[in-house]
Amino acid sequence: MAENGEKKIKNPIKSFLDKNADEGYVPNRELLQFSTALSGQNMTYGIVSGWLFYFCTNILKIRPMQVGLITSISRIWDGVNDPIVGTLIDRIPPKNGLKLHRYLGKIALVIGFLTVLLFVDPGFSETGMIAWVLVVYILWDMTYSFQDVALWGTLSLISPHSEERTRASQWVTIGATLGGAVVGLIPVLMDISNKIGMSERTLFFICALVFGLGGESISMLALKTKERIAHPPEENQESFLKQLFAIRHNKIMIALILAQTLNGLSLTVPWIYFFKYCVSYTVGGKVIAGESIQFIYSLLTSIPGAFCMLIATKMMKKLGGAKKALMFAQISSIVIRFICFFIGFDTIPKLIAVAALMAVSSIPTGIMSIVNRSFLCDSIDYMEWKTGRRTEGIVSSLQNFVAKIGSALQSFINGLILELLHFDANIEGIEGQPPEFYKWQWPLFILGPAVGAALYLIPMFFLKYTDEERAEVENALKEKRAVKAEISEDM
């Protein structure tokens with residue numbers, strides 16, 4: 001206290017980085033370390049998920065349909081692999097009382113090294129290139145799955161309080177988004193590399209070193225987090241399959257699985273094909289390449305959503321809870337995309353108007369990942385309430401399963417669309433591709449995601465899980481854990 005009796009004003013930086021918190025809650029410093037770890041991991045994921053397709057078509061010169069097939073096959077394998085990994089994680093006894101920390105350390109360096117290999121041109125024939133990408137990717141995914149399941153599973157163990165987990169989800173989503181935003185610099189780097197005479201082959205190798213190996217090194221900060229929910233003792237170990245299929249009791253997870261899988265049916269191709277081959281403006285006699293325009297567009301459309309992540313928990317409450325927030329985000333995205341379609345992009349003012357509208361759309365969609373992860377943590381509590389078991393591994397892996405199945409569908413659709421539009425990777429610049437390629441790029445770019453968004457709404461509409469039911473589950477678990485703690489103390 002100050003001498004005059006008034007409260008002393010805290011140092012805002014010191015308060016922000018405070019290492020102390022009430023029991024069961026998470027200190028800000030720990031959340032900052034956790035979110036930074038997710039930022040590093042998302043750099044790795046961003047370059048693989050966002051640029052491997054382009055690297056295969058434009059650097060390795062594999063035909064688009066073949067790339068669509070190999071990436072969809074590999075990602076289907078991802079989907080099958082993840083639930084197996086998650087079930088194994090749930091079945092392996094905790095080490096030193098910690099369930100997930102063993103998967104957050106040195107494994108990150110292995111993932112980083114494999115990421116670099118994915119962006120190496122070994123100089124093989126097309127068949128050899130396909131085999132190379134498949135083998136390295138499968139090895140990459142097997143190791144990445146253990147780390148990814150553990151990272152996002154930690155979010156459900158970081159606190160027994162649902163509101164605190166939502167706050168943690170807010171922090172780590174901001175961190176993950178920033179990691180993805182850094183990878184968003186690649187189009188600008190492509191433009192710069194062209195001007196200085198650096199090949200895209202060399203550029204992607206450097207980016208793989210920085211975003212892959214560097215990002216994974218940063219992800220090891222997750223070791224600083226604590227697991228604040230005790231792992232229930234497994235007195236009667238169920239069979240592997242029975243434990244895996246226990247997910248049928250989790251109505252929240254089932255709805256999210258269906259919604260996100262259907263969302264993967266968006267009729268799109270990666271942004272780079274639209275911007276690199278269809279967009280170019282001349283300002284003051286200087287030509288601005290599509291790659292740089294893509295970066296500017298991405299920045300403009302994501303900034304409002306990024307800032308709204310800071311108030312995501314308040315927005316979720318204003319919108320009436322997690323389910324309503326998710327549905328509102330998708331509906332608003334559909335409406336705005338249709339408006340943008342009729343505006344067009346053939347002049348700079350039109351593209352600016354589209355960017356402004358998409359920026360507005362990013363406000364509700366920007367909180368989707370936060371709400372979704374908070375919902376997943378609720379689903380783990382719901383499973384413990386229903387079955388007596390915590391399933392961080394299975395639930396987190398099924399989330400990955402859904403994302404990768406959706407990605408597999410999307411990759412196949414990408415390859416099929418580019419093949420049908422007769423895309424030729426040997427043609428550079430905004431002229432030279434077939435007429436049908438240019439005809440369909442704008443509808444695919446702006447309206448394609450609306451298809452997936454509309455399908456997403458169907459299973460979410462039928463999900464019934466209110467805030468009152470969530471509070472009931474949380475209170476029941478709190479009482480149950482308190483009884484177990486008393487019994488343990490008496491023994």
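Predicted model: local features only at pLDDT ≥ 70, side-chain atom pairs only at ≥ 80, totals over all residues.

The request below picks the part, and one connected reply follows.

Which residues of α10 and α16 make their contact, and at what angle do the two helices pack?

Reply: Residues are numbered from 1 along each chain as its sequence is written, and side-chain values use heavy atoms, leaving out hydrogens and water.

Start with the helix itself. α10 covers residues 251–263. Helices here are DSSP runs of H or I of at least four residues, strands are runs of E of at least two, and both are numbered from the N terminus. α10 has 13 residues. From first C-alpha to last, α10 reaches 18 Å, close to the 18 Å expected at 1.5 Å a residue. (The expected span is 1.5 Å times one less than the number of residues.)

Which residues of α10 are buried? They are I252, M253, A255, L256, I257, A259 and Q260. Buried means under 20% relative accessible area, exposed means over 50%, and partly exposed lies in between, with a 1.4 Å probe and protein chains only.

Now the partner. Helix α16 spans residues 368–387. α10 and α16 pack at an angle of about 145°, and their axes are 8 Å apart. (Axes are lines fitted to C-alpha atoms, for helices over the stretch in contact, and angles run from 0 to 180 degrees between N-to-C directions.) From α10, the contact takes K251, I252, M253, L256 and Q260. From α16, it takes N372, F375, L376, D378, S379 and Y382. Contact means heavy atoms within 4.5 Å. These residues divide into six nonpolar, three polar and two charged. (Nonpolar covers Ala, Val, Leu, Ile, Met, Phe, Trp, Tyr, Cys and Pro; charged covers Asp, Glu, Lys and Arg; the others, Gly among them, are polar.) I252, M253, L256 and Q260 are on the buried list for α10, and they also belong to the contact with α16.

R248 counts as exposed because its relative accessibility is 56%. R248 and M383 are 135 residues apart along the chain, yet their C-alpha atoms are separated by 9.7 Å.

Next, the salt bridges. A salt bridge is a side-chain nitrogen of Lys or Arg within 4 Å of a carboxyl oxygen of Asp or Glu. The count comes to six. One of them joins R201 and D121, with closest N and O atoms 2.8 Å apart. R201 lies in helix α8 (residues 200–219) and D121 in the loop between α4 (107–118) and α5 (126–157), so the pair ties together parts 80 residues apart in sequence. Both ends are partly exposed: R201 at 39%, D121 at 24%.

Another pair is E164 and R167, at 3.0 Å. They sit three residues apart in helix α6 (residues 162–183), so about one helical turn separates them. E164 is buried at 7%, whereas R167 is partly exposed at 24%.

In helix α7 (residues 186–196), D191 and K195 lie four residues apart, about one turn. Their side chains meet in a salt bridge at 3.8 Å, N to O. An α-helix has 3.6 residues a turn, so residues three or four places apart point the same way. D191 is buried at 10%, but K195 is exposed at 60%.

D191 has another partner. Leaving aside neighbours within four places in sequence, S292 is in contact with P187 and D191. S292 is found in helix α12 (residues 290–308) and is buried at 13%.

Back in α6, there is V183, buried at 4%. Beyond neighbours within four places, V183 is in contact with N42, M43, G46, I47, W51 and F211. V183 and G50 are 133 residues apart in sequence, and 8.8 Å apart from C-alpha to C-alpha.

Finally, the whole chain. It has 19 helices and two strands. Of its 491 residues, 51% count as buried. Among contacts with a separation of 6 or more, 83% join residues 24 or more positions apart. The chain exposes about 22,400 Å², and carbon and sulfur atoms supply 66% of that area. (Areas come from the Shrake-Rupley method with a 1.4 Å probe; for residues, only the protein chains shown count as cover.)
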